[in-house]
Amino acid sequence: MDQDSSTGLVFDGQRAGEKIIIVKRQHPWALAHTGLFVSVIISVIIIAAYLFKASPLTSWIIFGTLPVTLGWGLYVWYGWWNTIIILTNDRILLIDQRGLLSRTVSEVPIARIQDVSFKTKGLFQTLLNYGAVTVKTASSENIMRIPNMGNPYHLHQEIMKVAQTTWAVPHQT
C-alpha cells in the first residue's frame, strides 16, 4: 500500500479508474491464541529461572527458548499484519499472508457477487464484534471466506452497497 496525494491509497495491480473503498485487517483478537501461548511460555521460563536459581542448564534453556518463542510470536504477527482485505468499486481482494514465504491473493469481481453473508460465533466474537464474512459468486466453487473481520456487519453492508451500485448499471452490448 502506498499513499498517493491526489487519490488516497494505491496498491500494486490497481486498475485505472478503480477506487479503494475499504482496506481492513483481521481483528486483533485473531492473535489471542498466539499471544496467550507466548505469554505462558515466557512465564514458565521466568518461573523456572527463579526456582532453579539460573543454573547453567537453566540459562541455556532460557536463552534458547526465549528467542524462539518471541520469534514465533513475531512470525504469527507478521502473517496477521500482512493479511489485508481491499474493497474497491470493481472487486474484492483478499491478501492472505501465511508466514514469511506464503501469500495467497484471491479476487472476486463485484459484478459476479451473488450473496454476501457474515457469521459471528461464540462469546468472544459476539462481545468483541468480529467474525467471518463470506462472499459467493454464481460459480459454486468461487466462495471467498474472510475470517476474523472486525465489525463484519459493516463490511457486509459496504460490499452489498458496492454490489448493488454495480447491479444497477445497465450492461452495454
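Helices (H or I, at least four residues) and strands (E, at least two) are DSSP runs, numbered from the N terminus. Keep that in mind as you colour the model, which is a predicted one: local features need pLDDT of at least 70 and side-chain atom pairs count only at pLDDT 80 or more, while totals for chains, interfaces and linings use all residues. Residues are numbered from 1 along each chain as its sequence is written, and side-chain values use heavy atoms, with hydrogens and water left out.

**Stop 1: helix H1**

Select residues 32–51, which form helix H1, and pick out Ser39 within this helix. Is Ser39 buried or exposed, or something in between? Ser39 is partly exposed, at 40% relative accessible area; buried means under 20%, exposed over 50%, and partly exposed lies in between (1.4 Å probe, protein chains only).

**Stop 2: the whole chain**

Zoom out and show the cartoon. You will find four helices and nine strands, in the order β-β-β-α-α-β-β-β-β-α-β-β-α from the N terminus. The chain is more spread out than a compact globule, because its radius of gyration is 21 Å, well over the 16 Å that the globule rule gives for 173 residues. That radius is taken over C-alpha atoms, and the rule is 2.2 Å times the number of residues to the power 0.38. Buried residues account for 32% of the 173 in the chain.

**Stop 3: the largest core**

Next, show the side chains of Ile92, Ile113, Val135 and Ile159, the residues with the most contacts inside the largest nonpolar core, a group of 19 residues. Such a core is a set of buried Ala, Val, Leu, Ile, Met, Phe, Trp, Tyr and Cys residues joined through side-chain atoms within 4.5 Å. Strands E4 (84–88), E5 (91–97), E7 (113–119), E8 (130–137) and E9 (143–150), along with helix H4 (152–168), each supply at least two of its residues. Which element gives the most to this core? Helix H4 does, with five residues.

Centre on Val135 and leave aside its neighbours within four places in sequence: its contacts (heavy atoms within 4.5 Å) include Ile92, Val108, Asp115, Asn142, Met144 and Ile159.

**Stop 4: a second core**

Finally, select Phe11, Ile84, Leu93 and Ile95, which are among the five residues of a second, separate core.
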